[in-house]
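Good morning, colleagues. Please look at the model on the screen while I take you through a few of its parts.

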Amino acid sequence: MQDFLWSNDGEIIKRLQNKIEQLKLEANSKATFLIDKSGQMVASSGDSNEFDATSLAALVAGNVAATDGIAKLLGEKEFSVLFHEGENEHLNITLVDGKLILVVLFDDSTSLGLVRLKMKKYVKIIADILNESSPNNSIHQDIFSDITDEDIEKMFRKGS
Amino acid sequence: MSFINYATKEINFKIVYYGPGLCGKTTNLQYIYDQTDPTQKGKMISLSTETERTLFFDFMPLKLGEIKGFKVRLHLYTVPGQIFYDASRKLILKGADGVVFVADSQKDRMDANLDSLENLIDNLRENGFDYNTIPLVMQWNKRDLPDIESVEVMEEMLNKRKVESFEAVAIKGIGVFETLKSISKAVMMKMK
Ligand SMILES: Nc1nc2c(ncn2[C@@H]2O[C@H](COP(=O)(O)OP(=O)(O)OP(=O)(O)O)[C@@H](O)[C@H]2O)c(=O)[nH]1
Ligand SMILES: [Mg+2]
C-alpha cells in the first residue's frame, strides 16, 4: 500500500487555500473547493458552514470517478471539465494535473465564460504549487509512533 | 491514502466495506450512523436504487477523538455488492486505507462470498494495493439466521490471511462496532 501523503505540509495547504479564495473573488463566484480524487476536501473558500463540505467532497469525487470511467470506456483519455447547470446555481468542475478536483459554485451574477477563464488560470497556478512540493513521509510517523491499543479505544469511547 | 492536513490538524482515513450483494454492508453503516452522537457524525449519503440496493456507494464521516492534537476522522464507504457494478467498486477502492470484508454466513451464499473475495483481490491489485498487506478485517454476518456455515468453515474458506474476524448480526448491531474498532486499529497501527 502506498502511504503517499502529498499534503503533509501545512504551508502548502495554506497556499492552496489562499489561491482558491482568490479564484472565488476573481470569478465572482459563490464558493470554490479543492478536492482530492479519493474524496477528501483539501481546501475550501470562505463560509464552509453554509455547505456540507465533507459530503460535497465525497459526491464530487464519486462524480468525477464515474465520469473518468465513462471516458475510459469510450476510449477518451479524460473528460477534463464537468458542468452541472441548475435553475439558480451551477457547478463547474475541472481536474488539476489529474490529481485534484477544482470546483466552482456560481450563480447568474457571473458568467460561465468568466468562470472558465479564471479556472484555467488557477489550474495552472495550483498545479505549479503541487509540483514544487515534494511529499515527505517523515512527519506523520511522529503522530502515530507510540500509539497504543488503549489510545484507539479511548477515541471510540468519546466517539460513540 | 490517509490524508493528513497539517493546516487544520486533521487526519482522515478511508475505510471501505466490501462483500457480496445483500450481505449487510449498508446495514453496518446505518447502525453506526444511528448509534453515533450527532456531534460526532456528518450526513450519511446513500446512492441507492429504489429497492434500497446500493447503486454507487454509501458514505458517512465519523469523528473520533484526538491524537497528539490531531483530530482523527473516519470516512466510511460501502461498495455495491451486485456483480454487475464492478466498475463502481473499483472506483470506490481508490485511496482506501483499510477494508472490512462482510461475508453472508448463509450456506447458499458461500459461492457469492468467494466470488466477492476474489473480486476484491483483483480490484485491490488494479488500484495498486496488495491484498496480503492492506489492513483488513473479516465480518461473518447474519449469524441469527438458520442454515449458516460454522465459523470454522467461514475461516477456512474466506480467511486464508488469518486477519481478525467477528461474528455479527448487523441488523441488531451485534459485532458492528467491534468490527469498526478493529479496522481502525489496523489502519492506525499501520502508520507506525
Ligand atoms: N437476518 C439478518 N438480516 C440482515 C443482517 N444484516 C443485514 N440484513 C438484511 O439483509 C438485507 C440486505 O442488507 P444491506 O445492508 O442492504 O446489504 P448490502 O450488503 O448493502 O447489499 P448491496 O447494497 O446490494 O451490496 C436487508 O434486508 C437487511 O435488513 C443480519 O445480520 N441478519
Ligand atoms: Mg448496500
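I begin with a bridge: E85(A) has H90(A) as its bridge partner in strand β4(A). Strands here are DSSP runs of E with at least two residues, and helices are runs of H or I with at least four, numbered from the N terminus. This is a predicted model, in which local features need pLDDT of at least 70, side-chain atom pairs count only at pLDDT 80 or more, and totals for chains, interfaces and linings use all residues. Residues are numbered from 1 along each chain as its sequence is written, chains are lettered from A and ligands numbered from 1 in the order in which they are written, and side-chain values use heavy atoms, with hydrogens and water left out.

Let me stay with these strands. Strand β3 (residues 81-85) of chain A pairs with β4(A) in the antiparallel sense over five bridges; two strands pair if DSSP finds at least two bridges between them. Three residues lie between β3(A) and β4(A), which form a hairpin. On to the next partner: β4(A) and β5(A) run antiparallel and are joined by eight bridges. In β5(A), I101(A) stands opposite L95(A). The hairpin of β4(A) and β5(A) also has three residues between the strands, and D97(A) takes a positive phi near 60° there.

Why is strand β4 of chain A described as largely enclosed by the rest of the structure? Seven of the eight residues of this strand (residues 89-96) are buried, so it is largely enclosed. Buried means under 20% relative accessible area, exposed over 50%, and partly exposed in between, with a 1.4 Å probe and protein chains only.

A word on confidence. pLDDT is the predictor's confidence in each residue, from 0 to 100. Chain A has a mean pLDDT of 84, with 85% of its residues at 70 or more.

I turn now to the aromatic rings. Over all chains, the structure holds seven aromatic pairs. Rings of Phe, Tyr and Trp (its six-membered ring) pair if their centres lie within 6.5 Å; planes under 30 degrees apart count as stacked, over 60 as edge-to-face and the rest as tilted. One of the pairs is F57(B) with Y77(B), edge-to-face at 5.5 Å centre to centre and 65° between the planes. F57(B) belongs to strand β4 (residues 54-67) of chain B and Y77(B) to strand β5 (residues 70-78) of chain B, 20 residues apart. F57(B) is buried at 2% relative accessible area, and Y77(B) is buried at 4%. Y77(B) also pairs with F59(B): the centres are 4.9 Å apart and the planes at 50°, so this pair is tilted. Ring pairs link F56(B), F57(B), F59(B) and Y77(B) into a cluster.

Finally, the metal. Which residues are the protein donors of the magnesium ion, ligand 2? They are T26(B) and T54(B), each through OG1, lying 2.0 Å from the ion. Donors are N, O and S atoms within 2.8 Å of the metal (3.2 Å for Na, K and Ca); water is not among the atoms, so sites may look incomplete. T26(B) lies in helix α1 (residues 25-35) of chain B and T54(B) in strand β4 of chain B, 28 residues apart. T26(B) is partly exposed at 25% relative accessibility, whereas T54(B) is buried at 9%.
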